[in-house]
Amino acid sequence: LVIGTTQDVTTRRDAEDQLRASEAVLRSVADYAPDYITIIDPELRLQFSNRPLRGIAPSELVGRPIAEFAIGAPDELHARVRRVLATGTS
């Protein structure tokens with residue numbers, strides 16, 4: 001006696017392929033953008049940067065608090081970033 005199941009994963013594979021292609025486009029845009037692009041989470045930690053900050057490679061920035069990179073008072077930076085996160089506008 002053999003019992004088994006099959007599942008068509010074509011749709012899932014297609015979606016994963018589309019996601020990879022979309023990520024490649026976004027990575028290309030970020031890599032060649034003349035500006036700094038950063039993503040900061042609600043805990044005010046860096047989640048992404050397209051270029052080094054203060055000599056630190058983007059891969060080493062993930063999870064670091066933005067206060068480490070503040071020019072001036074960190075409290076002012078925190079207030080500005082929290083306002084952007086709350087309103088969605090800069």
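Me: Is Arg 54 buried or exposed?

Reply: This is a predicted model. Arg 54 lies in the loop between S2 and helix H2 (58-61). Exposed means over 50% relative accessible area. At 53% relative accessibility, Arg 54 therefore counts as exposed.

Me: What is the phi of Arg 54?

Reply: Most residues other than glycine have a negative phi. Arg 54 is not a glycine, yet its phi is positive, near 50°.

Me: Is Leu 44 buried or exposed?

Reply: Leu 44 sits in the loop between S1 and strand S2 (46-49). Its phi is positive, about 60°, although Leu 44 is not a glycine. The cut-off for buried is under 20% relative accessible area. Leu 44 has 3% relative accessibility, so it counts as buried.

Me: How far apart are the end C-alpha atoms of helix H3 (residues 74-87)?

Reply: H3 has 14 residues. At 1.5 Å a residue, they should span 20 Å. The model agrees, with the end C-alpha atoms apart by 20 Å.

Me: Which residues of H3 are buried, and within what arc do they fall?

Reply: The buried residues are Leu 77, His 78 and Val 81. They line one face of the helix, because seen down the axis of H3 they fall within an arc of 100°.

Me: Which strand is among what covers the buried residues of H3?

Reply: The face of H3 turned away from its buried side carries exposed residues: Asp 75, Arg 83 and Ala 86. The cover over the buried residues of H3 includes strand S1 (38-40).

Me: Which residue follows H3?

Reply: Its phi is positive, near 80°. The residue after H3 is Gly 88.

How values were computed
Residues numbered from 1 in each chain as written. Predicted model: local features only at pLDDT ≥ 70, side-chain atom pairs only at ≥ 80, totals over all residues. Heavy atoms only, no water. Helix = DSSP H or I, 4+ residues; strand = E, 2+ residues; numbered from the N terminus. Expected span 1.5 Å × (residues − 1). Buried < 20%, exposed > 50% of the residue type's maximum accessible area, 1.4 Å probe, protein only. Arc of directions from axis to C-beta. Contact = heavy atoms within 4.5 Å.
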